[in-house]
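Hi everyone, thanks for coming. Let's take a few minutes to walk through one model together.

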Amino acid sequence: MKVINFLIFILATSYSTVKVPMMSEQLRNDTGQRKLRVTLLSAEWKASSNGDWTIINRELAIQMAKHPNVEVSVFLPQCSEEDKKDADSYNVKLIEAVKLSGFEPVLWLASVPDGHAIDCILGHGVALGRLIPLIKKNPNYNHCKWIQVVHTAPEEIGIYKSISEGQQMQKTEIELCEMADQVVTIGPKLTDAYKHQLGQQDVFNLTPSIFPEFSDVQQASDERRTFCVLVIESGNSEDFDVKGYDIVAKAIANLKDKSYQLKFASKQRGKEDELAEKLLQCGIDRNQLIICSFDENRKTLANLFSAVDIAILPSKTEGFGLSALEAISAGLPVLVSGNSGIAEALREVPNGSQCIVDSEDPVDWARAIKAVCDKKRNVRLAEAEILRENYMQQFSWEKPCDFLVKKMYNLAFGGEMNIKVDVDDLKPEEQNMQTGMLATESVRQQEVQQPGASATSAASGSVSYPQTEDLQALKEELFISIVRNYLQTTPPRSSEEHNRFKEYVKEMRLIITGVAVGSLVITVKCESLIILEELWTDYSSGHLGEVVQNCFVTEKILKELNVAELRLKTTMDIEEYNACKMFFVKDALRDALSSDFHSTSSTSESPQKNEQWEKSERKKKIMETARLEGTSPLTVIPTTGHGKELEELWGRKGTLPPPELFTADLEDELELLPTELYIKKVK
């Protein structure tokens, strides 16, 4: 009875705001797959003052929008019509925030416009990530999955600026990551750093690939009188030391050759003179220094790349270093600091290590610059072209973005099962029994004549309707009528009964996502493994099919469609069931492993005792979770086999043998979780 009740209640409530006439359009267009609605927070669409964040955000939006089942929007304080048209060309929608007087523009993003649907929301760093908890306080968005993108390691930067501020920023960054459902780090250097600090929390490495907009930059092959070294400013005036600008200026001075020239692209308009003075104090000759203003316009940047001989990233520490990757994308020779994310990436690329200077000594940088300069220009450019191709072979945008989309899809829709309802047998009222029998015999003859046809045709029963087109139309009308019928269903007869319905529905979190052509697809959100197992048991026993038949085939519908007999067929996919079960296992493990055991351990005990206690508690919690859910964290059910085979392995409710029967100790596998779920066989 519970299943009957919740189906009636959900049909009555889920479509309360849906206009039934629109259903036919949905029937024609719906692919049967649920759309993942992703919103990225951003300060702007095209890079200017917030360079790295905007560049990554834009590329992520463009790549994710290539997926047919992903709807991508970028939520930002303001944008131009030109920005909207540009984004639209990539299937990305820009949404402007409502202005909040008295607040800085980025804080406007804390208030999402009414009616905007979100499944996953992406924030970058502290500046944008801190807004997501505020957004999730809105009941309309508390279900959203939070993806936190990390660009920097503030603790490292603090060594060169302010240690206390760096530690505080790092603490905030870590806290935001711990609150998020998924952490994405830009490049291998940050991935390694945050994996150590976040322990068992899943950290996803997104190493940026070549930027296609720079691939057609033309590099002149003629030798030049001067050898021009390009440095692109990132950060602000306080970052002069940490970005290593002094290193490159001293390196040029150390070469004692006026044919070397430093071109510094500054983002700080109005501070060019102050910057020039700092660089000149490093010993570089005034005639060797050029400072130009730069607003990160991609066309301006492309022109810069074609006007110089090499681009340098001399940072003493750098999370990644997108400016160097942009130069590589343009086919320009580069030198990068060894303590940068781009250096870690280049170490995995053939010939990439030749571009790394693992030193903060200006003499070493001078030597590396001279080594590049000593090569013929056409040789330098040919090597740069090979490096670009090798990098593109090693790192792509598509693969990590595809994987990230899968992760988000699983986060947003994990625990969901599709119940598909189709017509198994249908007989219109105006046809008599004899006509129906003839039609049935005709179907059987067609099956004999077409041995290659699906075996499900015979199993699904006979459909006694003369024309295929008419049958399809009648099916569509049938499911529209089912929705219309339950929209008009009267509420429960008593408040007590109504309260029981509300509690059960809230626990199950059941929704209907749409009606596909020729079938009704009900997506059921299971809140726990126990609920999933109960639903699968009802389906396996045939009870769910009976519930669907009794709920949907009413005298009202038969009369409305002029149908004498109607039998529905209900199906669920065992592959979906297995994936859903695995989702709950991984989710339970992640929750257990991310618990803060340190908060309950005594500070007076030795570290060894605390560590042993933590391991014991961790193992106990995971095993207890497994017992409560009636499953094991290290076993997966087979994807083939039904009936007795399934029942023998899982039992009535999917219960597994006790944990002590497993071949490996769970504690030994903890290091592999939660990124991978290690699967062990049962003895």
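A word on terms: buried means under 20% relative accessible area, exposed over 50%, and partly exposed in between, with a 1.4 Å probe and protein chains only. This is a predicted model, where local features need pLDDT of at least 70, side-chain atom pairs count only at pLDDT 80 or more, and totals for chains, interfaces and linings use all residues. Residues are numbered from 1 along each chain as its sequence is written, and side-chain values use heavy atoms, with hydrogens and water left out.

Let's start with Ser-209. Ser-209 counts as buried because its relative accessibility is 3%. You'll find Ser-209 in the loop between strand S7 (203-206) and strand S8 (227-232); strands here are DSSP runs (E, at least two residues) and helices are runs of H or I of at least four, numbered from the N terminus. Beyond its neighbours within four places in sequence, Ser-209 has contacts with Leu-325, Tyr-391, Phe-395, Ser-396 and Trp-397, a contact being heavy atoms within 4.5 Å.

Next, strand S14, residues 416-428. Eleven of its 13 residues are buried. S14 runs antiparallel to strand S17 (residues 563-571), with eight bridges joining them; strands pair if DSSP finds at least two bridges between them. Pro-428, for instance, has Val-563 in S17 as its bridge partner.
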